[in-house]
Amino acid sequence: MTADGTDRADRAEAGFVAGLIVPGLPHPLLCPDACEGYRAIADGFAEARALLERIDPDLLVVYSTMWPSIIGHQVQARPEPEWVHVDELFHHLGSMPYRFRIDAPFAHEVVHSAEARGLKARAIDYHGFPIDTGSVVALRLLNGDNRWPATILSSNVYADRAETVVFGKAVGDAVRTQGRRAAVIMVSTLSNRLFTDWVAPADDRVHSLKDDEWNRKILEFLGQGRLEDTAQLSREVHRQIRVPKVVNFKPMWWLSSALGAHNDYQGTVHAYGALHGTGAAVVSLVPSDGGIGLKEFDEDDVEVFRGDREVLA
Amino acid sequence: MGRIVYGALAPHPPHLVYAENPPNNEPEAECGWETLRWGYERLRKALEGVDYDTIVVLSPHWQTYVGTHFLGVPHFRSLSVDPIFPNLFRYHYELDVDVPLAEAMCAAANEAGLVTQMMRNPDFRVDYGTIVSCHLTDPTWSKPIVSISSQRSAAYYSIEVMQEQMVALGRATAEAIAASDRNVVLLASESLSHRHFVAEPDVPEDMSAEHITNHHQYLWDMKLIDMLRTGRSQAVIDLMPEFTEQAVSESDSGALTWLLAALGVPDYPAELFGYGTVIGTGNAVMGWNPAQAGGAP
């Protein structure tokens with residue numbers, strides 16, 4: 001029995017049926033034809049949308065690195081959030097009106113599952129809540145017609161690997177409990193260094209050769225379906241190509257934990273390019289029977305979060 | 001000739017507005033964080049004796065990684081919902097912007113070599129840091145504001161680079177004000193130590209759960225406050241890199257450095273109106289009155 005009292009019949013197929021990695025800056029939505037690079041990324045979103053249509057999940061779960069939280073993990077639960085969003089940095093590119101179809105019962109199920117694994121979590125159901133740019137861009141470009149219900153998950157600024165891995169598992173619990181066929185959408189750049197001055201779209205490029213090389217290495221792995229291998233590299237990725245705004249580069253931990261911490265995926269890189277210097281890629285990962293397989297990983301699996309045990313305080 | 005007639009350290013925990021229960025904030029509280037709210041009350045009392053035209057605020061919650069931005073739309077009316085504490089802050093706001101002064105500051109900052117941008121999109125939602133600090137300073141929004149973004153160079157480069165840029169921005173702010181006909185109050189909208197608790201009591205205003213996150217943060221807060229109360233602003237700027245790192249301080253936004261630079265790095269004491277913690281972070285409400293320079297703390 002689920003948190004909302006339902007008991008779905010199709011549990012045999014329950015689970016995550018696909019994962020997408022997409023960038024969150026607004027250029028592919030607001031100015032896709034400003035240059036060839038932005039167009040290629042927008043086309044990558046279109047390919048990812050076509051993949052979703054073929055797979056036809058019954059739920060989209062967005063994990064956005066652009067929605068920070070402090071009090072645990074926040075889950076968007078307002079059935080029809082509606083607003084005209086403006087990005088705080090790229091406001092000159094225009095406004096982004098939206099009206100989304102949120103699966104509130106599933107959002108509450110995520111809260112229930114997260115708490116069961118020792119996490120703090122809460123559902124967010126307020127008119128005018130500021131849905132972040134990355135979530136707006138992803139849902140507008142991948143689900144602009146609201147064909148599939150969705151929910152959005154925050155990224156806790158203090159969470160490190162153990163908490164993030166457990167949160168991924170908790171969302172997987174919720175998907176299975178409700179018997180859903182879900183696709184997960186992870187909103188994140190690869191390298192995240194923006195140019196700190198304005199650049200013309202035609203001159204946009206990845207900020208440095210080093211960032212570009214690391215991005216391509218990540219995409220090489222993902223293209224081979226090596227999701228957990230990529231996740232295991234997160235601490236090194238954080239050191240090498242991430243401006244340290246948060247404690248660590250954690251979205252790959254979350255994605256691998258939710259989808260399944262292995263390397264058996266059919267990976268496709270739909271697009272890669274630069275958005276104001278950041279590394280922006282559209283990637284899909286579909287669980288498959290073949291692949292690189294399990295390896296001996298450096299970092300442990302974690303099932304239940306037991307707090308920071310005063311290490312941080 | 002315009003003047004900076006007052007400067008204040010004006011932190012922006014939304015909890016303070018929540019606990020005040022203004023009619024334009026949807027949630028209602030029973031009590032909470034009185035030492036800080038009474039501190040703001042004393043700040044407002046101090047400002048009653050100051051003749052000013054415009055409030056200028058620098059907020060950490062308008063984060064612009066490409067340059068410093070300035071609000072450039074004359075009037076805003078909307079709903080601000082805190083992304084972290086939406087249970088506490090859903091505030092209906094209506095405010096005026098002193099666009100000519102904002103444009104003058106933007107131009108002066110650009111002349112000083114900083115990357116700048118005016119924000120002209122009328123759909124833009126004003127950040128909650130700006131709103132909280134301004135509400136607590138002027139609850140009736142009787143004055144127009146200039147809102148300045150935080151351009152996050154501490155994250156992208158280093159705290160030292162942030163300091164250089166904020167000192168330049170502070171000087172440019174002062175020059176633009178001097179060239180105007182405005183009397184201006186400056187607000188640095190930031191906490192001191194900034195390590196949060198990651199859990200919230202069932203009753204958010206349950207003060208039995210409120211205290212500093214750890215002793216170390218408290219020591220840093222007291223050190224900074226003591227230095228500011230004794231007029232050692234330059235020493236604070238010099239210490240800022242270590243303070244910012246050790247106290248996980250919101251001074252990484254540059255707001256305090258900007259304020260001190262705009263005030264001419266005051267060697268006169270700031271007045272401490274109140275100190276308190278909010279969900280573990282350290283917050284002080286403090287004021288500098290250039291007309292009273294040299295007064296005892």
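## Where the chains meet

In this predicted model, 25 residues of chain B are in contact with 27 residues of chain A. Contact means that two C-beta atoms, placed from the backbone, lie within 7 Å. On the side of chain B that touches chain A, β2 (54-63), β4 (75-81) and α5 (153-156) each supply at least two residues. That side divides into 15 nonpolar, 6 polar and 4 charged residues. Ala, Val, Leu, Ile, Met, Phe, Trp, Tyr, Cys and Pro count as nonpolar; Asp, Glu, Lys and Arg count as charged; the others, Gly among them, count as polar.

Helices (H or I, at least four residues) and strands (E, at least two) are DSSP runs, numbered from the N terminus.

## Two helices in chain B

Helix α6 (residues 159-178) of chain B packs against helix α8 (residues 233-246) of chain B at about 135°, with axes 10 Å apart. This angle makes α6(B) oblique to α8(B). Angles under 35 degrees are roughly parallel, over 145 roughly antiparallel, 65 to 115 roughly perpendicular, and the rest oblique.

From α6(B), B:Ile159, B:Glu160 and B:Gln163 meet B:Ile237, B:Met240, B:Pro241, B:Thr244 and B:Glu245 of α8(B). By class, this contact has 4 nonpolar, 2 polar and 2 charged residues.

## An enclosed helix in chain A

Helix α9 (residues 251-259) of chain A has 9 of its 9 residues buried, so it is largely enclosed by the rest of the structure. Buried means 20 or more other C-beta atoms within 10 Å of the residue's own. Among the buried residues are A:Trp253 and A:Trp254. Just after α9(A), A:Gly260 takes a positive phi of about 135°.

## Reading the model

Residues are numbered from 1 along each chain as its sequence is written, and chains are lettered from A, with ligands numbered from 1, in the order in which they are written. Local features need pLDDT of at least 70, side-chain atom pairs count only at pLDDT 80 or more, and totals for chains, interfaces and linings use all residues.

Terms used
Buried ≥ 20, exposed ≤ 12 C-beta atoms within 10 Å, placed from the backbone. Axes fitted to C-alpha atoms, helices over the stretch in contact; angles between N-to-C directions.
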